[in-house]
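Subject: Structure handover

Hello,

Here is the structure I promised to pass on, with my notes below it. Please have it open while you read.

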Amino acid sequence: MASNKNKLAFLSMPAPASYVAGLGRGASGFTTRSDIGPAREGPSAEVIAEAQAKRGEEPEIDPEQFQDPDNEYGLFAGTTYEQDDEEADKIYDDVDQKMDSRRRARREARENAELAKHRAERPKIQQQFADLKRGLSVVTDQEWESIPEVGNLTRKKRRKDERTFVVPDSIIVGDRSKTEYENSLDTRQQQANGFETPADTGTMTNFVEIGQARDKILSLKLDQISGTATTSGSATSVDPKGYLTSLNSVVLKTEAEIGDIKRARMLFDSLVKSNPKHAPGWIAAACLEEHAGRMVAARKLIKAGCEQCPKSDDVWLEAARLHNNDDAKVILANAVQHVGQSVKIWLAAADLEQDVKSKKRVLRKALENIPNSVKLWKETVNLEESATDARILLSRAVEVIPLSVELWLALARLETPERAKAVLNKARKSVPTSHEIWIAAGRLLEQGAMGDPDKSTESRDKELELVDRTIEFGVRALRQHQVLLTREQWLKEAERCESDGSPRTCEAIIKATVSMEVEEEDRLDTWVGDAESAEARGMVGTARAVLAYALKVFPDQRNLWRKAADLEKAHGTKESLDGVLSQAVHYCPQAEVLWLMSAKEKWLAGDVPAAREVLEKAFIANPESEQIWLAAVKLEAENGELGVARELLVRARTVADTERIWMKSAVFERQQGQYAAALETVSTALSKFPKFSKLYMIQGQIRQMEKQYSSARASYAAGLKACPKEITLWVLASKLEELDGKSIKARALLEKGRLVNPANEILWAESVGVEERSGGAAQAKAMLARGLQECPTSGLLWSMSIWAEPRPTRKSRSVDALKKSKDNPLITCTVARLFWTERKIEKARQWFSRSVATEQDKDIGDHWGWWLKFERQHGTPEYVEEVIRQGAAAEPHHGPVWQAIAKDDKNVGKSTKELLAMVADALQ
């Protein structure tokens, strides 16, 4: 107990002088209403610091003691802020800004990259539905109207708010007596003997009969108007057929339109009153009244306008338009008195005349007043039916207007060739700055040279050379008269000549002007660009002329000869192509491609001896060219000369001795069924070229065909050891193991191949195929996902991924594939097949066309096969023929199915069209 008393003893003790209740918790002294006088002061800072030191607390640090130099009061409070301090602060600020700007560029680039990646991985809902929104553009009005209204789709019966009310007795009594009729007279009617009806009663009126009678009268009137009534006196002045048409012509204006017309009328009225000499104001006011349907007011206004502005031909023309034909003639006759030099007035007056004779009279009267108007002369000449009369008029026209090039050219066209030359010479002297006259002279000479079929070739060539000299002289003469047309303008003139049927004049213009304004080092590229752009516009003659001139300047350019040959092959004749190729091999005898093109064209034309002759010349120029040797072998083999082909291969192995010739020799023996000779050739070739992978492939395939799986396995193993980077060897080895029933070993081989050749889509695709053929769909899907992680832009793997998805999700998967693979042709073909399965025929056809758009895409034969298969099922015979034609012209070489069929020994010698049909049948 004593201890408890000691514990509470402080309660009876007086408080220390500096004690403040709750000081440790941050409290301070305060004053209450009961205190008299000021509250006592709190402890000083020294006392608080001493108390905190006793309790072991650290003094609080004032955060405001670290201030900027202008307001500092701590360590540097007594120092002055000098100029060097200010310079130091500026330097630090500049450094901070510089570092911030550098970091800003990196930060913004990083943020943009992260944002792009985020949007690519998680696109907005708006982007996901973008294709569906675009599809709404083809929805017709009828389809839009046929969309049902939104109804109750919750399948819940909604409780109707049915409220009933008590019907008053007055309504029941009134409804009962509505159809009743009085059958007795009341007392007042009896007093008048039943012949008078009081005015305040109407219960006997039958409105039903009144309505029926009104309908009968209306139908009778309508029958009379339509002409169906048979009673007499039914004739009427109403036109039943034109009645509704006249109603349609009535324009009903809204109140807003009427208000606008009134305001516009006030504005135009103010305009013509304030400025009565302003012709457009009168025309606008008259047009407003015409729009409002007040033709009389419009004519009055335009009449006043003609009086106020008699020198404005537009006012007179508007007045003529607002009146009928006869009144318009009178108006224009008055107009001629005021503006007799207006060509538009005279032409309008001629248009009002109905017969040609009157038109001629008006126009000749106009020419008396305005003899220097080219338009009037042209209209007058066009009305002449006789060429002689037109020639006379044009002769007079060029005398009056000697500077009009159009009139000179029109006169030259009507004259005979000899007189046309004289006319053009006069025109050239009168208008020495006109290039059209020189071009017309060249065309005239060309027509004279080509017009007579009995002329000899030498005389025709001489006259055509005169065309070149004429154009060249004309260009020089124009340059002397300071007429400088640009290259683009001359090229357009050349294209115009080609369009008008003057190819030699076009060629002459190109020869004379194509080298203008071109630097010497840029000539080749510029001319090739001109030829390509002209060909793209369909101007083949212009492109041919540009290439011909370029070949004269650069006769040793192989690519230029190749472009000229391609142009002739696409747009020229066999003779022109043969001529270009003959010149090409003459100037470039070392160009193997040109020799092969020449031989191939002769072979396709059916001239096999000429093709042999071309190849013999090629042998002389290129004795060690393997391409020419192989072309000769193919020519003999395709024409049944197998012995000659074998001898050529033997000679080629001796002379050229290249790995490709050895390979072709082995393939030739295999195609002929000589497997032993083929294996012997491969063995000899492998001793010379141990790093050539195709030799191992041929050896393994031959032994596989002979069912010697162990020997084939050894051949592939040797090939993989010598050429580990050859993807086809890994695939063939895997297929051999799978054929032998060893799927596990095939899987292991492909795994090893992927380690040696990382990120290879073909090996991943083959691995997925092995899993699918083994029956492991889940393993195949997992393998495909791994492949896409390693090859995220592979079109082959994305195509397999699309077909691995369920049908509803294939479309979204194809969108991801297109984004990732950047419009890969395999993905494009896959999308076309998706549209095919959805029966969207036109879209499928467009996407099939896109899959073979570029030159690189055209080389994939499987795409042509899918397109042909599609057109066979859904297209017309014309579409099928067009696909076959384009596919044969493309001559594809790649594609899994295409290569399997084209390299089959049974299909040797078949044309591209036959192979395309077989591929289309094999695709599934």
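Which residues line the largest cavity? They are His435, Trp438, Ile439, Ile471, Gly474, Val475, Leu478 and Trp490. Before I go on, a word on provenance: this is a predicted model, in which local features need pLDDT of at least 70 and side-chain atom pairs count only at pLDDT 80 or more, while totals for chains, interfaces and linings use all residues. Residues are numbered from 1 along each chain as its sequence is written, and side-chain values use heavy atoms, with hydrogens and water left out.

**The cavity**

Rolling a probe the size of a water molecule over the atoms shows where empty space is left. In these notes a cavity is a set of points, on a 1 Å grid over the protein atoms alone, where a 1.4 Å probe fits but cannot get out; a pocket is an open set with protein on both sides within 12 Å along at least five of seven lines; and lining residues have an atom within 4 Å of a point. Grid points are joined across faces, edges and corners, and a volume is the space filled by probe spheres set on the points.

By that account the structure holds 1 cavity of 30 Å³ or more, and the largest cavity has a volume of about 40 Å³. Helix H22 (435–451) and helix H23 (457–480) are the elements that give two or more residues to its lining; helices (H or I, at least four residues) and strands (E, at least two) are DSSP runs, numbered from the N terminus. H23 gives the most to this lining, with 4 residues. The lining of the largest cavity divides into 6 nonpolar residues, 2 polar and no charged, where Ala, Val, Leu, Ile, Met, Phe, Trp, Tyr, Cys and Pro count as nonpolar, Asp, Glu, Lys and Arg as charged, and the others, Gly among them, as polar.

Trp490, one of the cavity-lining residues, is also in contact (heavy atoms within 4.5 Å) with Met516. Met516 lies in the loop between helix H25 (503–513) and helix H26 (523–536). Is Met516 buried or exposed? With a relative accessible area of 16%, Met516 is buried, given that buried means under 20% relative accessible area, exposed over 50% and partly exposed in between (1.4 Å probe, protein chains only). Thr486 is 30 residues from Met516 in sequence, and their C-alpha atoms are 7.9 Å apart in space.

**The second largest pocket**

This pocket holds about 1100 Å³ of space. It is lined by 33 residues, and Asp131, Lys811, Ser814, Val815 and Asp816 are the closest to its centre. The elements that give two or more residues to the lining include helix H3 (83–121), helix H5 (130–135) and helix H43 (810–821). With 9 residues, H43 gives the most. The lining of the second largest pocket has 16 nonpolar, 6 polar and 11 charged residues.

**Some loops**

Pro792 sits in the loop between helix H41 (777–790) and helix H42 (795–804) and is partly exposed, at 41% relative accessible area. Not counting residues up to four places away in sequence, Pro792 touches Trp798 and Lys820.

Two residues other than glycine have a positive phi. For Ala759, in the loop between helix H39 (743–756) and helix H40 (761–773), phi is near 55°. For Glu891, in the loop between H47 and H48, phi is near 50°. Ala759 is partly exposed at 46% relative accessibility, and Glu891 is partly exposed at 33%.

**Helix H49**

The buried residues of helix H49 (residues 912–922) are Leu915, Leu916, Val919 and Ala920. Seen down the helix axis, they fall within an arc of 140°, so they line one face of H49; the arc is that of the directions from the helix axis to the C-beta atoms. Their cover includes helix H46 (861–874), helix H47 (877–890) and helix H48 (896–902).

**The chain as a whole**

The secondary structure comes to 49 helices and 0 strands. Of the 924 residues in the chain, 33% are buried. Among contacts between residues at least 6 apart in sequence, 50% join residues at least 24 apart.

Best wishes
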